[in-house]
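Here's a short tour of one protein model. Take a look at the structure first, then we'll walk through a few of its parts.

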Amino acid sequence: MSKSKPNNTQKGESLSFHVSGMHCASCASLIQRSLKKTPGVSDANVNYANEQATVVFAGEKINTQRISEAVKKAGYTAHMDDDAAGDLAEKERTIELKQLKQQLLVSLGITIVLMSLMMPFIPSQLHNPYFAMFLSAIVQFWAGRRFFKGAWSGLKNKTANMDTLVTLGTFVAFTYSTVVTLFSDWFVLSGIETHVYFEASAAIISFILLGKYLEIRAKAQTSSAIKKLLGLQPKTALVKQSGTWIETAITEVIVGDIILVKPGQKVPVDGVVMSGETSIDESMITGESFPVTKKIGDTVVGATINESGSIEMQATKVGSDTMLASIITLVKQAQGSRPPIQALVDVIAAYFVPVVIILSVLTFVTWLVVGPEPRFIRALVSMINVLIIACPCALGLATPTSLMVGMGRGASLGILIKDANALEVANKVKAIVFDKTGTLTQGKPIVVAEKVYSEEKKLMSILHGVEEKSHHPLASALADYAAKKMENKTALKISAFKDVSGKGVEAFVGKASVLIGNMKHLHENMVAVSEDAKDFFAEYSAKGHTVVFMAIDGQLSAVFSIADTLKENVAAMILELSEMGIASVMITGDSEKTAQAIAKQAGISQVLSEVLPHQKEEAIRNLRTEYEYVAMVGDGINDAPALATADVGIAMGGGTDVAIESAGITLLRSDVNLVPTSIKLSKATMSNIRQNLFWAFGYNIVLIPVAMGALYPIFGVVLNPMLAGAAMAFSSVSVVANALRLKRTRLV
């Protein structure tokens, strides 16, 4: 991470920084407009989701102070120190969540009290409208003040949003109820029946605060993925200084330094091997469980693990230039640049709010001009009726209620939905990209075939004894396989054990010499390989398997094929997705031969092999141009950027924490067969939301003409505000009841 940019900037250079004080999407739009108007800025983007602003400079000299002032002018604070921005953002979210939780609990408690006061069994002494007004005011102006801020921000931005609806509906209901309470005698003398709506305004705010709390809590969890990635970086390195190895802080390592990496240690930075030979576990980068042999001239990547021999390497990339730092940047950018899903509610609200205001004013004027006496009172009540009938109680419930029920249903099936956007977008997905290792396959190499040329019981005992001394993943596969074949585990005298990096192992078992490794290892030790063994090697190598030979006393004794096998029912799952009209793509850092072999078994025709993490993220972007909406299923650190970049990221529950937290959906049982179920759940939930929006508006829209007085000229009927409130309540009940149907929807 770097500090703020210098004053002298070049054309196209960008600067990203944290912005505090935003509480809704309208705030982000307001800041963005302010930044774009700043001299020297050619473009600006402000993301409410991760509270990051990015400005692109036009090329002229510009002081970052000018950027800060532009943000301050809009009413917010810019933090140019990028190193401290992450901690600051997390601290702000923690404070906001604590405050929001307090507001939610208080408003819910008051709402319950207000609704209880309406019950007939409550003593008449407690039916005090002034007491109800006092309690309602706490909810309206303390717990609900964020909605007033959001509505004001929207007004400054010349747009109507959900906050506008909430503020308008609750404030009108509260104000009308307050007027009725304070001037009740006036209404009685005028012969107008009155009703207060304190409990309605409090209930609206409480329900919508609940949705807001869930939204911010989910947003607060996304930053932990970055923290875990940062934790992978080694803190120190053994750097050669004046012929001596000195333990040096990683931040002080510079390009060109010679570094010693011992077995079991993490590679500190990106570099090139200068001496020695070893096997490196690069699973965090490639996702593949098989270690990679590294010799002089080969590149090594920071944060990968040196498994066997010691090597000396020269640093080529340090700090923010390393691959790990690039992955962190990609995850951060992808989490912020994920396409925002414009909520259907906000789209409707943008049109609905102005229409309702115009209709309410029109109603007031009409009654004031042509209505019967007392004209002003009737005009006022009719205008209030229109606004109350349009109060967004059901509208506020429509989306969050379905989402909460849908998420609960998902959890019961083993599908953890952490991001409501992911649930919304999943129903639009036309292609799903699957990581190979650990997602489609078991993620652990096992022996799948063998050819034994000597006494099996004795051979398995020797194989188990020798391979137990090695830490190589293939050694574990061979040792486990031998253990299952052994009848009795006997202690063998093993001596002169040697791990030959990139080739295999050798040892003496008693007086017998044992070689286990690849064909090169056998050739170098003058062991003849039979035609039968060569045919075995050719057959399984063509399938992308790793073939290991074993020789005792210079004679070929056995040959084994080791592979990472496909998970159960994967082919059926791919077929189900195809029947749903969804294309499947496999992506992997493994070789093309191995990838094609696995893809053929799974029934996947589109394969992207030998792909590195930054290329995975790029591949997702490219696939978007073909399929528009793309999901990514993965389980490794290397998958994190792609999971965050995809329209929907789906992580396997048994995968790394970074992958899980970079994704919007996690399959808790690590069962890839839950992928189609997740898509079905999304489709069912979105359908339910659309139905809810119909119920939310249906009653209200039908009754708006009645509230305006459409029935008065014919039947002499004017809508009682109580009926307006009843319509609002009935639509809310309909919405909740419909959302609960998701619990019984068939998904599997």
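Let's start with helix H4, residues 129-143. Keep in mind that this is a predicted model. H4 has 15 residues and reaches 20 Å from its first C-alpha to its last, close to the 21 Å expected at 1.5 Å a residue. What caps the N-terminal end of H4? That's Asn128: one of its side-chain oxygens lies 2.8 Å from the backbone nitrogen of Tyr130. Several H4 residues are buried, among them Ala132, Leu135, Ser136 and Val139. An α-helix has 3.6 residues a turn, so residues three or four places apart point the same way.

Next, the nonpolar cores. In soluble globular proteins, nonpolar side chains tend to be buried together. Here are two such groups:

| Core | Size | Some members |
|---|---|---|
| Largest nonpolar core | 46 residues | Ile432, Phe434, Val648 |
| Second, separate core | 24 residues | Val447, Met486, Ala558, Ile562 |

Ile432, Phe434 and Val648 have the most contacts inside the largest core. Helix H26 (residues 674-708) gives that core its largest share, 8 residues. Leaving aside residues up to four places away in sequence, Val648 touches Ala422, Val425, Ala426, Val429, Val630, Ala631, Met632 and Ile665.

Finally, find the open sheet of 6 strands, ordered S6-S5-S7-S13-S8-S11 with antiparallel pairing. Why is one side of S6 and of S11 left without a neighbour in the sheet? Strands S6 (244-249) and S11 (299-300) stand at the edges, so each has a single partner strand. Elsewhere in the sheet, 5 bridges join S8 (residues 270-275) to S13 (residues 311-317), and these two run antiparallel. Ser275, for instance, has Glu312 in S13 as its bridge partner.

Notes. Residues are numbered from 1 along each chain as its sequence is written. This is a predicted model: local features need pLDDT of at least 70, side-chain atom pairs count only at pLDDT 80 or more; totals for chains, interfaces and linings use all residues. Side-chain values use heavy atoms; hydrogens and water are left out. A nonpolar core is a set of buried Ala, Val, Leu, Ile, Met, Phe, Trp, Tyr and Cys residues joined through side-chain atoms within 4.5 Å. Buried means under 20% relative accessible area, exposed over 50%, partly exposed in between (1.4 Å probe, protein chains only). Helices (H or I, at least four residues) and strands (E, at least two) are DSSP runs, numbered from the N terminus. Contact means heavy atoms within 4.5 Å. The expected span of a helix is 1.5 Å times one less than its number of residues. A polar contact is a pair of N or O atoms within 3.5 Å; within protein, one must be able to donate a hydrogen and the other to accept it, and residues adjacent in sequence count only if both atoms are side-chain atoms. Two strands pair if DSSP finds at least two bridges between them.
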